[in-house]
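Trainee: I have a new structure on screen. How do I start reading it?
Mentor: Take one feature at a time, and ask me as you go.

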Amino acid sequence: MKYWQPKYETMGHAELKELQLTRLKKTVAATYNNVPFYARRFKEAGIRPEDIRSLDDLKNLPFTYKADLRDNYPFGLFAVPKSEVVRIHASSGTSGKPTVVGYTKNDLETWSDLLARNLTMVGLGKDDVFQNAVNYGLFTGGLGFHYGVEKIGAMIVPSGTGSTTRQLEMMIDFGVTALHCTPSYALYLAETAREMDIVDKLSLRVGCFGAEPWSSNTRKQLEKILNIKAYDSYGLSEVMGPGVAFECEEQDGLHLWSDHFFVEVLDENGEQVSEGEKGELVLTSLTKEAFPIVRYRTGDITRLLESECSCGRTTVRISRLLGRADDMLIVRGINVFPSQIEDVVVKIPEITEHFQVILDRNKKMLDEITVKVEITENAFTGELRDLAELQKHVEDELQSVLNIRTNVELAEKGSIPRTEGKSKKVIDRRNAL
Ligand code: DLL
């Protein structure tokens, strides 16, 4: 099967715009009438629901920020009575209260349909065995994928996280053909499979990876080691969870399901960037009932791709996420994304794919950036000269991409912590006492 919901996936542009407008009007009215926060914000901006007459009018609506979710903890932004909400999820965040989101029965149905679209899009179906190696708790990644996989009739292995050797054993014993986890955990699984010399016992053919930024070189690496096609999966709990945008078999940008979400990619002044330009992704839900969200500033940086995709789907696409605006490190005035470092590190065979970025401020109050990498066993000759050469090689490669000199620290293989979920790649000690 090529499409899960062909009517919506391949809808002509004019019809799609019409559908979006009808749904936008409904969403704006629902938020205005049922959520005091939105009613207040819209009134402050002098807008009533009937002022939304075209899709262009959306840009007159105020933005919603993560802080607004926290301020309305836990259920203040729900647009339906609690009795209509059948599930909640939450995102822990690094500080303060978590952000809580809710779903009605219809919302859950839409969510699993969107996952089913994505899974069908990458060629999965009834005959597949799908290992869901992410956390099954309040995190949206576990249950989000779970019901999509069931919907397409594939067999799910709800392995959750934990015990890497056990995960690999399940993959072999159950004949797993598709794997879902974070890209950093996939690298760890791949590394462990290689060390145990069991890669040829795996029947994997598809990997769905997301929940954190990863680079195109990491994709190549995972595809090579695990002998799979690896697809980028983007989503965020505030807007639904996984499934918001996903790559198709062309692997040329992520399809963002325009019949359910309205996409803007904005520059620093809040203006829409032109096709191919970088900006912040801002999303408006068009069908959500329990937790509609208007002009949500995701903080994620991407490019808008509007050209036709040869897979036949007519949605807008976004490029691989370049990181979060707040992930971007500014080191001596130069912008550095951890994903740029990852791109360099995974290409160098003498070091593993794992790395850590440590930021310090020296006595002269200048920022120092250290990239800690692990040397592979094969590359370790015991000769100091070889180590110094390797260190310089990594520093040069990083400089050519980042335009800034870094200190490279070589460490023993396994010394950088492996994670099952989202990895923490940056340690910023610049403001530490
Ligand atoms: O991470 C939902 C998800 C689960 C997506 C499983 C994909 C797979 P949150 O925990 O709310 O939700 O985190 C959302 O993670 O704003 C991005 O910064 C980042 N993120 C998610 N997917 C990608 C991706 C889930 N493919 C936040 N590439 C988002 C880069 C991603 N960053």
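Mentor: Start at the interface: three salt bridges are found across the boundary of domain 1 and domain 2. Keep in mind that this is a predicted model.

Trainee: Which residues form a salt bridge with closest N and O atoms 2.6 Å apart?
Mentor: Look for K413 and E195. The cut-off is 4 Å between the side-chain nitrogen and the carboxyl oxygen.

Trainee: Where are the bounds of domain 1 and domain 2?
Mentor: Domain 1 covers 82-325, and domain 2 covers 334-432. Their C-alpha centres lie 27 Å apart. To the contact, domain 1 brings 26 residues and domain 2 brings 17 residues.

Trainee: How is the size of an interface given?
Mentor: Often as the accessible area lost when the parts come together. Here, domain 1 and domain 2 bury about 1,700 Å² between them. Carbon and sulfur atoms carry 48% of that area.

Trainee: Which three residues supply 25% of the area that domain 1 buries against domain 2?
Mentor: L187, E191 and N217. No other three residues of domain 1 supply more of that area.

Trainee: How many residue pairs are in polar contact between domain 1 and domain 2?
Mentor: The count is 13, with both residues at pLDDT 80 or more. Now place the domain 1 side on its elements. Helix 8 (183-195), helix 9 (216-226) and strand 14 (323-324) each supply at least two residues touching domain 2. Helix 8 gives the most, with seven residues.

Trainee: What follows helix 8 in the chain, and where is D197?
Mentor: D197 sits in the loop between helix 8 and strand 6 (206-210). Check its backbone too. Phi of D197 is near 60°, a positive value in a residue other than glycine.

Trainee: How do strand 18 and strand 19 pair, parallel or antiparallel?
Mentor: In the parallel sense, over five bridges. Strand 18 spans residues 367-375, and strand 19 spans residues 407-411.

Trainee: One last feature. Where is the cis peptide bond at P74?
Mentor: Between Y73 and P74, with omega about -5°. P74 lies in the loop between helix 4 (66-71) and strand 1 (87-91).

Terms used: Residues numbered from 1 in each chain as written. Predicted model: local features only at pLDDT ≥ 70, side-chain atom pairs only at ≥ 80, totals over all residues. Heavy atoms only, no water. Pairing = 2+ DSSP bridges. Helix = DSSP H or I, 4+ residues; strand = E, 2+ residues; numbered from the N terminus. Domains from an automatic or database assignment. Contact = heavy atoms within 4.5 Å. Buried area = accessible area lost by both parts, 1.4 Å probe. Polar contact = N/O pair within 3.5 Å; in protein donor to acceptor, adjacent residues only side chain to side chain.
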